[in-house]
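The points are numbered and may be read alongside the coordinates.

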Amino acid sequence: MGLSLTKAAQWTTASSGTGKLEFTPMNESLLKEILRFVERFSSQHPQEAEHVFEEPLQWRTTLVASDFKTDYDISDSAVQSHEKDSEGLPLLQLSPPAVYVRSFSQLSKLVHLADGKKLEEVRACLEVYVKKRIMFRKVTMNESVVLFCFAFLRFHCRKVSLDPAAAKNEVELLKQLCSDGEKRVLKSLRYTSEFEFSNGCRTPLWRQVHGEICYLVIEPCDAETLYITYSTAGVFLNEVRLGRRESGYERTSDVYADLVTLLKSRSPHFQDFAAQELPSTHKIQHVESVDGEEQGQPQRSYEQQEKNVHEKAKQQHTVNKAGGRNKNEMCPRWSSFALLSTFGYVTIPLVRCVLKYCHTASYCCVICSFSFRKTSAGAMPGELTSESSTESEEEEEQPERRLEGDIDRLPEYWQIQKLFRYLKAGNQTTTALTLCAMMDLNLMQETCQLIIRDLGGLEILLNLLDTIEVRCKIGSLKILRKISHNVQISRTIVYTSGLQKIVTILDLPDKDLKALAAETIANVARFRRARRTVRKLNGIKKLVKLLDCVPNLAKLTENQEKDVEVARCGVLALWSCSKSRKNKEAIRKAGGIPLLGRLLKSPHANMLIPVVGTLQECASEESCRIAIQTKGMIKDLVKNLRSDNEELQMHCASAIFKCAEEEQTRDLVRKYKGLQQLVSLLGKADNKQLLAAATGAIWKCSISTENVAEFQKYNVLQTLVGLLTYQPDEVLVNVVGALGEFAQIPANKATIGKCGGIKPLVNLLTGTDQALLVNVTKAVGACATDKDNMTIIQQLDGVRLVWSLLKNPSPDVQSSAAWALCPCIENAKDAGEMVRSLVGGLTLILYLLKSTNNEVLASICAAITKIARDEDNLAVITDLGVIPLLTKLTDTTLPRVSCRACSIHYCCMWGSNRESFGKVGAVAPLVRFLKSKDAAVHLSTAKALYQLSWDPNNVIIMHATKVVKVSLSVVAAAFLTH
C-alpha cells in the first residue's frame with residue numbers, strides 16, 4: 001500500500017517515499033481528492049464514521065487549542081473530545097504538537113476545524129504514514145475488504161459494464177463450487193462453445209455486436225437447468241431452455257448484475273450457501289498483491305450484489321475507436337489495483353462490514369491513499385479533468401463514421417485511390433503535382449474526407465510533413481487543413497501522432513508553412529485530447545510567438561502582410577486551444593494577452609473575431625480578466641461593439657459579460673459609453689446568440705448601481721421585461737439576472753410590477769434550468785419587498801413554487817429559494833397561516849438544517865428567523881426539533897454567523913425554549929460570537945444572549961464564559977468607532 005502511495009505522489013527523495021511530499025500541482029490535486037473523501041465521509045455514511053480505530057492516526061499538527069470549539073474539553077494547550085470509546089479513551093486528543101484521531105467522524109471534524117490549513121493537515125498525516133513504511137505485500141482479508149469499500153465509495157452511483165475477463169474470472173470461480181457429494185453447490189457449469197475469439201468472447205460475431213460475451217449452461221442442485229447469456233449489460237436467461245435454438249438469443253428474465261445474483265434468485269440452495277459462505281472472512285479469496293503492475297494480474301475476490309438492471313440490457317455495447325473500451329467500462333486503474341469485484345460494484349452493507357472488521361488507522365490511510373493513481377500515460381487526475389466548462393457538447397466522444405454501401409462504385413473512390421498510388425511511388429515533382437490535383441477535389445465533402453482516411457491517405461499526408469521539400473509540405477498541409485474540419489479526421493490525426501508533426505512545423509522559418517500548420521491545429525484542437533497534446537508539446541508558446549506583428553499600419557509590405565496572416569492563423573489555433581482551463585493559463589504565462597491586445601486594434605474583422613473570441617474564452621479566469629483590464633482592452637472591446645459584423649459584436653459582448661465580474665471593468669464600460677451600445681444590441685432579437693451575449697453583459701454591468709441609473713435613461717427595464725417570454729434559456733438566465741440587479745433599487749421594483757413582469761417571473765419558477773432558477777428566485781425575492789408585487793405573487797401561488805424549490809438537488813437553488821422566502825414571508829398577508837398551509841413545508845425547512853452547504857444553512861436560518869415570528873409556527877418547529885439543530889450550527893468557523901444567532905433569538909420566544917437552548921449547549925458558543933469584528937454579528941448575538949439570559953442557568957453559563965468582559969469590550973469598540 002505504501003508502495004502505491006510512493007509511486008503515485010511526487011516526493012523530495014527518490015527512495016521509497018521516505019521524504020516529504022513536494023509542493024507540486026499534481027500532489028495538490030491528489031491531496032484535494034483525499035480531502036474531499038474525508039470531508040464527505042462523515043455526512044454520507046454517519047454510522048460507519050463512528051467506528052473506532054484500534055490504533056489512532058497520529059501526526060504533527062498546526063492546530064492549537066483555540067481552534068477547537070464545542071464538543072471538546074480544553075485545558076491549557078491540551079484538548080480532548082467529549083466522545084470516547086468503550087474504554088473511556090477520547091476519540092480525538094491534542095497534545096501539541098501531536099494529534100491523535102481514532103475515528104472517521106473525528107477526522108472529518110478536525111478537517112473542518114482546520115479551515116485554511118486543511119491540505120497541510122492531510123499532507124502531514126500522509127507523510128507520517130509513509131515514513132512508517134506500511135507496505136502491504138500480501139493483503140489480508142480485512143485489507144481487501146477495505147479496498148472494495150473504497151471502490152464502492154468511488155463508484156456507488158455508476159453502473160459498471162461487464163467484460164470477457166470478468167466473465168471468465170467469475171465462471172472459473174463458480175466452477176470450483178461444482179463437485180460431487182452432498183456439500184456441492186452446483187451440479188455443473190459449462191460453456192455452450194469451447195471456441196474463444198481473440199477478444200475473449202465465445203459468442204458468434206453477429207451477437208457480439210449486441211454486447212453478448214458467452215452462453216452458459218448451469219445445472220443447480222434444486223432447480224431446472226439454466227441457459228444463460230452473459231453480456232456487457234448483465235446476466236439473463238435466454239430462450240434456449242424453451243427449445244428455440246434458432247431464436248434463443250432473446251431475453252426471458254430480468255437482467256442481473258452478475259451470475260451469483262441470478263443463481264440466488266433461481267436456486268434456494270445456492271442462496272443459502274451465498275448467505276452463509278460468501279460474506280465470511282475465511283471464504284473470500286485473498287489478493288496476492290496490491291500493485292498489479294509489478295506482480296501481474298491478481299486473483300480477484302468477490303462480494304454479492306443484489307440489484308437487477310432490468311431494461312438496461314437493451315443498451316448496445318459500443319466500442320470506442322480510440323481506446324477500444326466501452327464508455328461505461330471500469331477505468332483501468334481499478335483493475336490494476338485489483339479493486340473491481342467481478343460482480344460490478346460493492347453495496348453499502350459491505351461498507352459497514354468493512355468498518356466493523358477493520359478498525360485500525362492504517363486502513364484509513366489505505367482507503368485515502370488509494371486516491372493516488374496513474375494513468376497509462378502517467379497523467380494524474382488534474383490532467384484529465386482540467387478542461388473548461390465552456391466546452392460544447394460536440395466535443396464529447398462520437399461514434400466512428402464509416403461510409404455505407406458499395407464505396408468502390410463512387411467515382412471519387414477510384415480517383416483518390418489513383419492519386420495516392422502516385423503519391424506512394426512518385427518523385428518530388430510527381431508528388432507536388434499529385435497534391436495539386438488532389439486540391440481540385442471537393443475536400444470539404446464528407447465522402448471524400450472519409451475515403452482519404454479509409455484508404456490510408458492520412459498516414460501518407462502526415463509522412464510528407466517529414467520531408468525536406470517545402471512544396472510537398474505545403475501541399476500536404478493545404479489538404480489537411482481542409483479535411484481536418486471533419487471531427488473523425490481530427491481524431492485520427494491525434495491518435496496517429498500526427499499533431500506532433502504539425503506542431504513541429506511552427507518552428508520552421510517558412511511563413512506559409514507556419515500559417516498552414518496553425519490553421520490546421522485550429523481545426524484539430526476541438527476536443528480535449530488534442531488541446532492537451534498541443535500544450536504538452538509546448539505548442540501554446542509557439543503559437544503565441546506567431547502573434548508578434550503590427551497589424552494596424554496604413555501600408556503593409558508583402559512580408560508584413562505574411563506576418564499578419566501568420567498571426568491570424570495563430571490566433572485561430574489559440575482560440576481552439578483556449579477552451580481548456582490550463583491552456584488559458586498557459587496563454588497568459590506565455591505573454592499572449594498583451595499580444596492579443598495589440599491585435600485587437602486591427603481594422604479587419606477576420607482578425608478581430610478570433611482575437612476577441614480568444615479573449616472572451618480566457619476571461620473566465622480571474623488572472624486573465626485582470627490582465628485584459630490593465631492592458632486597456634476594454635476600450636477596444638467597447639469600440640468594436642459598434643461594428644456592423646454581428647459575430648464580432650457577439651464576441652465583444654461575451655467578453656464584456658465575463659470581464660464585468662470586476663468592478664473596475666464595469667466602471668470602464670460606462671466610461672467608454674459601452675452601456676448605450678449594449679442597449680442597442682437588444683433590438684437584434686432575431687440573433688439569439690447576440691441577444692444572449694448582450695443581455696449577459698447588461699446583467700453583469702448592472703451589478704453597479706451607477707450603471708443601473710445609466711441604463712434607465714434608455715428604458716432598459718421595460719425592454720428586459722418584454723424579453724421574459726418566448727426566449728431560449730440562455731437568454732432568460734441573463735434577462736432575469738439583470739432584473740434581479742435592477743430590483744435592488746426600490747423604484748424599479750414597482751416599475752417591474754407595473755410593466756407586468758411579476759407573472760412571467762413566477763411562471764419561470766416551474767423550469768428546470770438550475771442557473772435560471774437561481775436568478776428567478778433572486779428576482780422574485782427582490783420584488784417581494786414591494787407590497788403590491790407581493791400581492792400578485794401570492795395570487796399566482798408564487799410562494800408555494802418558491803418553497804417547492806427547496807427540494808431541488810442543487811444547493812445553489814436551495815439557498816437562493818430560501819433567501820427569496822424571507823421577504824415573501826415578511827411582506828405576505830396572513831404570513832403565519834400561509835406558511836402553515838404549505839403541507840410539509842416546515843419539515844422541509846428543518847431537514848435542510850442538516851445540509852453540509854454553508855450557504856444553504858445560512859439561508860435556512862434566515863428563513864427560520866421570519867417563520868419564528870409567528871407563535872404558532874414557532875411552536876410547530878419547536879416540536880419538530882429546531883433547537884438541537886440550531887445548536888449544532890453554533891460554530892464560529894462557519895460564515896454568516898449573524899443568521900444563526902438571529903434565528904436563535906427568535907426561537908427563544910416560546911415556552912421553555914430558552915432553558916432548552918442552555919441544556920443542549922448553545923450559550924457558550926454564542927458568547928464567542930461577540931469576539932467577531934462584524935457589527936451585524938454583535939447585534940444579532942446580543943439579542944440572542946438577551947433572550948437566553950431570562951433563564952438563570954444560562955446566566956451562570958454566560959458568567960463562566962466571561963460574557964461581561966467580552967460585552968464591555970464590544971461596547972467600548974463601538975463607542976470608539978462612532
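**Notes on the predicted model**

1. Arg 531 counts as buried, because its relative accessibility is 0% and burial is set at under 20%. This is a residue of a predicted model. Arg 531 belongs to helix H24, which covers residues 528-536. Between the C-alpha atoms of Arg 531 and Ser 576 the distance is 7.8 Å, although 45 residues of sequence separate the two.

2. The overall composition of the chain may be stated briefly. The protein chain contains 55 helices and nine strands. Of its 978 residues, 53% are buried. The accessible surface amounts to about 44400 Å², and carbon and sulfur atoms account for 50% of that area. When contacts between residues at least 6 apart in sequence are considered, 70% join residues at least 24 apart.

3. Helix H20 (residues 470-483) packs against helix H19 (residues 457-464) at an angle of about 135°, with the axes 8 Å apart. The two helices, H19 and H20, are therefore oblique to each other, and their crossing is left-handed. On the H19 side the contact involves Leu 458, Leu 461, Leu 462 and Leu 464, while H20 supplies Lys 473, Ser 476, Ile 479, Leu 480 and Ile 483. Sorted by class, the residues in the contact of H19 with H20 are seven nonpolar, one polar and one charged.

4. Helix H20 also meets helix H17 (residues 428-439); here the axes come within 9 Å and cross at roughly 25°. H17 and H20 are therefore roughly parallel to each other, since angles under 35 degrees are classed in that way. The crossing of H17 and H20 is left-handed. From H17 the contact draws on Gln 428, Thr 429, Thr 431, Ala 432, Leu 435, Met 438 and Met 439, and from H20 on Arg 471, Cys 472, Gly 475, Ser 476, Lys 478, Ile 479 and Lys 482. The contact of H17 with H20 comprises six nonpolar, five polar and three charged residues. Ser 476 and Ile 479 of H20 take part in the contact with H19 and also in the contact with H17.

5. A further helix pair is formed by H26 (residues 558-577) and H29 (residues 605-618), whose axes come within 9 Å and cross at roughly 35°. The crossing of H26 and H29 is left-handed. The contact of H26 with H29 has 10 nonpolar, three polar and two charged residues.

6. Leu 110, in helix H4 (residues 104-114), counts as buried because its relative accessibility is 1%. Beyond its neighbours within four places in sequence, Leu 110 is in contact with Trp 59, Leu 63, Leu 92, Val 99, Val 101 and Glu 121. For Leu 63, which lies 47 residues from Leu 110 along the chain, the C-alpha separation is 9.1 Å. Ser 490 lies in helix H21 (residues 487-495) and is buried, with a relative accessible area of 2%. Residues up to four places away in sequence being set aside, Ser 490 touches Ser 484, Asn 523, Val 524 and Phe 527.

7. Most residues other than glycine have a negative phi, and most peptide bonds are trans. Pro 96 and Pro 97 are joined by a cis peptide bond with omega of about 5°. Pro 97 is located in the loop between strand E4 (92-95) and strand E5 (98-103).

8. Which residues other than glycine have a positive phi near 60°? One of them is Tyr 726, in the loop between helix H37 (716-722) and helix H38 (729-742). Tyr 726 counts as exposed because its relative accessibility is 81%. Another is Ser 497, with a positive phi of about 60°. Ser 497 is placed in the loop between H21 and helix H22 (498-505) and, at 36% relative accessibility, counts as partly exposed.

How values were computed
Residues are numbered from 1 along each chain as its sequence is written. This is a predicted model: local features need pLDDT of at least 70, side-chain atom pairs count only at pLDDT 80 or more; totals for chains, interfaces and linings use all residues. Side-chain values use heavy atoms; hydrogens and water are left out. Helices (H or I, at least four residues) and strands (E, at least two) are DSSP runs, numbered from the N terminus. Buried means under 20% relative accessible area, exposed over 50%, partly exposed in between (1.4 Å probe, protein chains only). Contact means heavy atoms within 4.5 Å. Accessible areas come from the Shrake-Rupley method with a 1.4 Å probe; for residues, only the protein chains shown count as cover. Axes are lines fitted to C-alpha atoms, for helices over the stretch in contact, and angles run from 0 to 180 degrees between N-to-C directions. Angles under 35 degrees count as roughly parallel, over 145 as roughly antiparallel, 65 to 115 as roughly perpendicular and the rest as oblique. A crossing is left-handed if the near helix is turned anticlockwise from the far one by less than a right angle, and right-handed if clockwise. Ala, Val, Leu, Ile, Met, Phe, Trp, Tyr, Cys and Pro count as nonpolar, Asp, Glu, Lys and Arg as charged, and the others, Gly among them, as polar.
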